[in-house]
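Let's take a friendly walk through this model, with the cut-offs spelled out along the way.

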Amino acid sequence: MSEDRNAPWRDELRKTIKAKDRTALERVHMNELDPEYRSHNKEEVNQGLTAEQAMKEAQRCIDCANPTCMQGCPVSIDIPGFIKNIERGEFLQAAKVLKNTSALPAVCGRVCPQEVQCEAQCIHVKMGKQAVAIGHLERFAADYERESGKMDIPVCAPSNGIKVGIIGAGPAGLSCAGDLAKLGYDVTVFEALHEVGGVLKYGIPEFRLPNVIVDVEVEVLRKMGVKFITDCLVGKTVTLEDLQAEGFKCFFVASGAGLPNFMNIPGENLINVLSSNEYLTRVNLMDAANPESDTPVFFGKNVAIIGGGNTAMDSVRTAKRLGAKRSMIVYRRSEQEMPARLEEVKHAKEEGVEFMTLHNPIEYIGDEKGRVKQMRLQKMELGEPDASGRRKPVEIPGAIETIDVDMVIVAIGVSPNPIVPSSIKGLEITKWHTIVVNESMQSSIPVVFAGGDIVRGGATVILAMGDGRRAAAGIDAYLQNKK
Amino acid sequence: MYFWAHFQQNTIDIMNKIVKKEVFSDKVVRLDIEAPLIAKSRKAGHFVMVKVDEHGERIPLTIASSDTEKGTITLVVQNVGRSSAKLCKLNEGDVIEHVVGPLGKATHIENFGTAVCACGGVGTAPMLPIVEALKKAGNKVITVLAARTKDLIILEEQIRQYSDEVIVMTDDGSYGKKGLVTNGVEEIINREKVDICVTIGPAVMMKFVSLLTKKYNVPTVASLNTIMVDGTGMCGACRVTVGGQTKFVCVDGPEFDAHQVDFDQMIARLGAYKDIEAEDNCKAI
Ligand SMILES: Cc1cc2nc3c(=O)[nH]c(=O)nc-3n(C[C@H](O)[C@H](O)[C@H](O)COP(=O)(O)OP(=O)(O)OC[C@H]3O[C@@H](n4cnc5c(N)ncnc54)[C@H](O)[C@@H]3O)c2cc1C
Ligand SMILES: Cc1cc2nc3c(=O)[nH]c(=O)nc-3n(C[C@H](O)[C@H](O)[C@H](O)COP(=O)(O)OP(=O)(O)OC[C@H]3O[C@@H](n4cnc5c(N)ncnc54)[C@H](O)[C@@H]3O)c2cc1C
Ligand code: SF4
Ligand code: SF4
Ligand code: FES
């Protein structure tokens, strides 16, 4: 249900401040922890908005009749609807509006690349002004609800007793589970790891997305009747056939893209050269930096991270927090081409991360114990634009540099894990091992739906969530038609 | 099905309970663990990842055998460090927080003819299901059981049950013949035609078995015990070089053509956390 733009309160609210005056207001600045302080701990860097700040920022939104911002949001959140509720102080109502479309607003408000999505399409930008801080406001409303202890447990339709299995407990799986539970399905989520949350838990660090936020959302799903079975690798522990024999009627495969890519250059298997997945999993999921934890992690002093995406930024900032004297981003293109969110790059710089752009590793050199001690870097320059539209890096002949490192983290992307797809006979997959689906996220096997990174390759939290919701609708339509 | 019956009643936490414990020596125990789904789907060569408690790390352990009726799997654990020690200390009735599997590729079993199974130390545990499967497929199975000393020879009786011949070797000569696993293997190769060799044990041992069988052109499979984190292909901690290519032991293995494996690299990588672990283990004491 979308908020009514013509509701009397909203009409009135619009009139309280002239649109021109609204656009003249300055964008609020979210408080952040001091870079020097925060680069030694895992406290969340962004401190959130105060109620006062949020209400002030909400005034900047002119409640457009044709809100272009919504076109920038992959799940078309009713942006002015929730923002106007913040402006009038109805924070819980704002959270409710968000919940109509997003299962994880506290997560998206923190990790969405807003600057290229909703905020990029905000009317303010077209007028040469700074966009309304939609992400910050989204986070504010969701946090307010959580902290108020008055979490709204969505009302679920009476149980229809139909069992649906969801494979993978990342954002795609969680959002699909929520929607299906609301429709009255008997939903079970199977997760290979010992914890629920997918990349939100094992990948994105605490200082950007505290685990408790994910846990609270999962608790809501449990209260809605969703069952979680961890330590269950579908395709190995159980197969879809086993589950069908147990009465499961439909499946949503949301197993993500968890397979790390390497560059296959000499020395890549030396000790202390590791994937960002391994590094982040050790630190985030296994809590390896905590002396209480049995899982070890190496505290590198000269750490190089290969890549320029969010994963690279998360790794480099983690290395800094674990005591690195030098933590460096090594990226083969220039800063303009970096796929990481602007905010992450900014935060990393403030924390003292070095950026070695237009450098590409060609070899790692080890010591007598097989541990990495140096890396050889090829310097690059930008050439013609390539297929992705970004200018292609080309080698500068002979420009090779050797630098000392004691740890290298490879963050050059991930591929889908083949375990689930290869265990389902007849499932159509692409040459990149992603699952082929139609517009309702249905695969070549009618009872199998899929979404998130397993369909898109590495994408974003909000796209994964959108897929989960679309799949829930698709599954419902499919099962209802069959009856 | 057993599992679902409990699941429906929300009593799923009764899973992973240790129903039987047997102490083979002060460093080696056998645990039978309630894990019905894994018991049902596992094959010879599969392993599980085990996380003992809240602060535990995830460690890989081979499924030595299973009982589908009782819904249990058997693990044989050697106490070599912090996590294995925690596991060895558990008793009947205790619950292991997390057990996931079966993982890895199952052993390729066929009737090769004569098979030599060369195992050292705790490599005997993962070898047991392979010996059994090879025997059942019609092979003549000769097993070489090797250890530093008599007390470390485990599962001899179970191995004998499925082997046509067992040769026991100890470094100190306290039991069986005095010598290394390679002496036993060479003796067989010199005596009769061997069609396949399977080797499991410490990396150094597998390296030497592999060098030996390469000399005699005996096809050899090694089951690699690299360091792992997730065990599902997600992290790459377990990677090794096989035939010049990087492979993930947890999903592409754990068994590989031994003659193609870069054992020196593997041995180095196994030492990756040695210093940190040693420090931690001191702290723990
Ligand atoms: C370090 C890092 C930082 C990122 N930062 C951002 C960011 O700032 N903003 C953003 O929008 N996106 C970011 N992303 C991308 C985003 O996290 C992903 O696009 C998103 O999580 C994909 O969701 P998913 O549900 O498809 O898969 P995942 O989150 O990967 O979840 C898949 C789950 O399925 C489980 N699974 C896999 N196989 C099986 C199986 N066989 N049986 C049972 N379970 C299985 C996995 O264990 C996992 O828990 C980041 C990614 C990483 C790695
Ligand atoms: C596929 C697979 C199957 C395995 N099956 C069994 C089994 O059935 N029974 C069993 O007892 N063990 C088995 N192992 C080995 C077992 O996983 C390790 O012994 C265990 O992880 C050590 O953990 P720890 O914390 O006790 O020791 P740590 O404190 O981590 O290590 C103690 C010492 O052991 C060395 N070490 C660490 N990890 C390994 C390893 N993976 N292999 C060899 N040495 C290591 C370290 O370098 C250190 O010197 C298997 C390993 C793999 C990969
Ligand atoms: S979900 Fe993401 S893209 Fe959509 S409005 Fe919220 S922050 Fe913007
Ligand atoms: S485009 Fe900007 S001003 Fe208009 S409704 Fe959206 S957020 Fe508000
Ligand atoms: S253990 Fe992580 S990929 Fe093999």
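The notes below cover conventions, the interface, a ligand shell and some backbone details.

## Conventions

This is a predicted model, in which local features need pLDDT of at least 70 and side-chain atom pairs count only at pLDDT 80 or more, while totals for chains, interfaces and linings use all residues. Residues are numbered from 1 along each chain as its sequence is written, chains are lettered from A and ligands numbered from 1 in the order in which they are written, and side-chain values use heavy atoms, with hydrogens and water left out.

## Where chains A and B meet

On the chain A side, 48 residues are in contact with 50 residues of chain B (contact means heavy atoms within 4.5 Å). The buried area is about 3900 Å², and carbon and sulfur atoms give 55% of it; this is the accessible area (1.4 Å probe) that two parts lose on being put together, summed over both. In chain A, the residues that lose the most area to chain B are A:K236, A:N269 and A:D294, together 19% of what that side buries.

There are three salt bridges between chain A and chain B, a salt bridge being a side-chain nitrogen of Lys or Arg within 4 Å of a carboxyl oxygen of Asp or Glu. A:D294 forms a salt bridge with B:R82, at 2.9 Å from N to O.

## Around ligand 3

Which residues surround ligand 3? They are A:C73, A:P74, A:I77, A:I79, A:C108, A:C112, A:Q114, A:Q117, A:C118, A:E138 and A:I462, each with a heavy atom within 4 Å of the ligand. By class, this shell has eight nonpolar, two polar and one charged residues. Here Ala, Val, Leu, Ile, Met, Phe, Trp, Tyr, Cys and Pro count as nonpolar, Asp, Glu, Lys and Arg as charged, and the others, Gly among them, as polar.

## Backbone details to check

Most residues other than glycine have a negative phi, and most peptide bonds are trans. In chain B, a cis peptide bond joins B:G101 and B:P102, with omega about -5°. The bond from B:G253 to B:P254 is also cis, with omega near 10°.

A:D287 is partly exposed at 24% relative accessibility, whereas A:M441 is buried, with a relative accessible area of 3%. Buried means under 20% relative accessible area, exposed over 50%, and partly exposed in between (1.4 Å probe, protein chains only).
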